[in-house]
Amino acid sequence: MSLIFVFGCSNTSETEKYTIGFSQTGISDEWRKSMNQAMEIQAGFYPELELKILDSEDDIDNQLKDIEQLISEKIDILIVSPIKSKPITPIVEKAFKSGIPVLVVDRKTEGDNYTAFLGGDNYEVGTNAANYLASLTNENKRVIEIKGLAGSSPALERSLGFNDIINATKNLEVVKAIEGNWESYSIKDSLRDVLESIKDIDYIFVHNDRMALGAWEVVREKKLQDHIRIIGVDGLNGPNGGIQLVKEGKLLATILYPTGGDEAIQLALKILNGERVAKNNILSTTVIDSRNADIMNKQFDKIYQQQQDIDYQRIKIGKQEKRYTTQKQTLQLLLALLIISIILGAYSIYSGYNIRKKKRELELRNSKITIQRNQIKKIAEEVKISNEAKVNFFTGLSHEFKTPITLILSSTESLTDNKVIRDNKLLSEVGLIYNNSKRLLRLINQLLDFRKIEDRKFILKASKTNLYQFSYLIFNDFKREAQKRSINFTISTNNEDLSVFIDRNLMDKVYFNLLSNAFKFTPNNGVISIDIQDDFDSNFVKIHFKDSGIGIPKKEIDKVFQAFFQGSNNNKTSSGIGLHLSKEFIELHKGSIEVISKHGTEFVITLYKDNVHLDSDEIIYEADVVDSSLLSSHLDYEDDSVTESLVLNDEDHYSVLIIEDNLDLVKYLRGKLSLEYSVHVSDGTDAVEKALELIPDIILCDVSLPEKSGFDICEILKKDLRTSHIPIIILTALNNKESYIKGLESGADLFLTKPFSFSILAQSIKTLIYNREKLRYYFVNNVHNIDASGNFGSMEQEFISMLNKIIDNNMDNSKFSVENLANDLNISRIQLYRKMKAIMGVNVSDYIQNIRLEKAKNMLLNTPLTISEIAYATGFSSPNYFSTSFKNKYDKSPKSFRA
Ligand code: FRU
């Protein structure tokens, strides 16, 4: 229904945008087309304008709808060319009253409810036509008038102007008026009829050129073209336009009726910009006939051409503008890039400068470092040489040691083998020499191995060996120790026949090291196992050494194979190279060793089953262990009674408790001390319990013990009321100031470093016991001054004053017994007995009795109470018993004493 033309300009972002809505009657004829075109060209010059043209197709209802639509779209200005005046007036008034400026063009509405009118002067069109005819002749002429659409203002005004002049002109007469609708088909039939009925017609004035062409066609039909001349209106340029028709002689003349398209846009813009404009804007008109048609044609062509040029220029400018915008943006971008590159350039110059500066500094530092490095290298070389010399010295010395030790060993061996010694005691001491010499030899060998490994001087001598038999022989060597310490020691395998290539000498050392460690750290009654697992699916065998010992702290597990490593929970002294050597030896076999520590420790050795991994010079032939006894025996000289206490059942002997886990040392000390003392032994695991049970007269305590250290044990005993009085001698290999201070802090009475001479130890024990005796003597004689005197250890002082207080509180209680006293002191009766014996040299009941008698003696002298009253007040069950006891102690009866 509606054809929409949109013309807009997009790149006006700053100025306000306007929409012009134009309701056009129709676009089927050239005049309307030319009007629209002029509007579009004009609007094109203003980017802020958007022109929207609605085509009503010469239908009034359509035009009403179109205007309604434009109102609802809130256009900024309405241009309307009303098809007819009356029916379109109300909607135009509505738009105007709603505040939309209204510009009426070409045809008018009724009333004046619009902003402005613009169009040709239709009355003048009529008068121009009539005046032109009048100017042609003075003869009487007859005229037909063919009118435009009835009800449209141009038809009305043109007719009015024409008739006003005709009526005033004597020789001209309008004989007939025909009603048209602006199109040629509408008048043809009527004109035919009129020409039939009315003759001698001279002129026809037609309200537009289109209907005028129709009239000419009818006139030609009637072959009256030489008699009847026609005048039209519009004067359009172009094919079938009025000017062309005049040039062709079809029309006598045409009255120019300008469309006013471009003027309409200019006027609308003024209104939009708020400028004052005239209400009526009339465009002038003129006559075009054969005399000026050609000029007009050329003029209009030229104008048209210029307009085209302008439009072309405009489009070109638009393109240029676009290109300019793009170029501007590109330029801005380039500018930004340029700025960035300048900044970067500046920065790179700056960094270049910095880098050069840094480089210079680095070069300087580098040369300093090089000098330092050279110095360090020199020092390191010197250190290496001196170290080498020292190590060589120690290695040499170690070698030197080997000979005398071997001699000692063979001598002691022959002493025992040949049964030269009959005395058991002597035999035991020789055994001690033998075992310790062997131990010394092992340590020296380890030292030499370490040196050899460091120098990479080991060459593997692997021979085919039955692994189970090999392991079993070593297992056997440790069995006796296991039995002695009630350790559940086992060996197992899933393949007794498996043979592997091992260097028996080295592997023996590995086994010995792993098992010694296991035994060292596993308490009595623990579990140790060797398990050989042949993995039938692979080329490997695994040997597991598992114990239930103290284990290795998690964070230290990675370090166990490092040389000189010692576990933080390991109180025992050791060189720390055994495991390191073991790992090196296993790796010489291309095997591996790993450690797992979880409830005890497990070492797992993995070995190849065949010999393809070994070089040919690493393999030797050796008879298998099954049929040889080539392996040296680790069999030690043993004395089964080592851990047993040697107790002389003699009250006259002082008792000694030895807390020491080195069986040889225990054996030695026990042998020596048992001549004089009643000797008890603890391996350290039950030291405190044993001390509490025995309350010995003196304690010898080692520092490196499996569970608690000697310092810890000493501290516990010294803080316990029951054992605080016992002198403690700490024996240790740690010869430094810190451990000496630690020993004193733990309350130890004496600190002896190993190796110590036995005579010094013996003398120390004697001195400590003698001092204790002296103290006891003093103590007994000052029993009543204890609270005030400061001569005793505060523990003892506290103990005695507590004891005295309890006895004093029970002075008149004849049923108060030793049990009651022990209970109140929170110790056992026997502990109380031993403690009293130790610090006072008396038994407890005598002590209580003494206090009672002392008190009674005092009362006899200082109170008037009767003897029997005193007896009961001091806790004697009867006066008789009191008298007897008193006489026993003081050699006088209470009565005679008082007298
Ligand atoms: C075009 C037209 C013209 C005439 C005008 C009057 O539609 O018919 O030929 O001059 O309208 O409004």
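Which strand does Asp 702 lie in? Asp 702 belongs to strand S23, which runs over residues 698-702. The views below are of a predicted model.

**View 1**
Asp 702 carries the UniProt feature "modified residue: 4-aspartylphosphate", taken from an unreviewed entry. With a relative accessible area of 3%, Asp 702 counts as buried because this value is under 20%. Leaving aside residues up to four places away in sequence, Asp 702 touches Ile 659, Glu 660, Asp 661, Gly 710, Leu 731, Thr 732 and Lys 754.

Rolling a probe the size of a water molecule over the atoms shows where empty space is left. Searching the whole structure gives 2 cavities of 30 Å³ or more, and the largest cavity has a volume of about 60 Å³. Its lining includes Tyr 654, Pro 696, Asp 697, His 725, Ile 726 and Pro 727. Ile 769, Arg 772, Glu 773, Arg 776 and Ala 838 also line the largest cavity. Sorted by class, the lining has 6 nonpolar, 1 polar and 4 charged residues. Helix H19, residues 758-781, supplies the largest share of this lining, with 4 residues.

**View 1. The domains of the chain.**
The protein chain is divided into four parts: domain 1 (121-258 + 284-292), domain 2 (458-627), domain 3 (648-781) and domain 4 (795-898). Between the centres of domain 2 and domain 4, taken over C-alpha atoms, the separation is 67 Å.

Definitions and conventions: Residues are numbered from 1 along each chain as its sequence is written. This is a predicted model: local features need pLDDT of at least 70, side-chain atom pairs count only at pLDDT 80 or more; totals for chains, interfaces and linings use all residues. Side-chain values use heavy atoms; hydrogens and water are left out. On a 1 Å grid over the protein atoms alone, a cavity is a set of points where a 1.4 Å probe fits but cannot get out, and a pocket is an open set with protein on both sides within 12 Å along at least five of seven lines; lining residues have an atom within 4 Å of a point. Grid points are joined across faces, edges and corners, and a volume is the space filled by probe spheres set on the points. Helices (H or I, at least four residues) and strands (E, at least two) are DSSP runs, numbered from the N terminus. Ala, Val, Leu, Ile, Met, Phe, Trp, Tyr, Cys and Pro count as nonpolar, Asp, Glu, Lys and Arg as charged, and the others, Gly among them, as polar. Domain bounds come from an automatic or database domain assignment. UniProt positions are given in the numbering used here, feature names are shortened, and annotations may be inferred rather than shown by experiment. Buried means under 20% relative accessible area, exposed over 50%, partly exposed in between (1.4 Å probe, protein chains only). Contact means heavy atoms within 4.5 Å.
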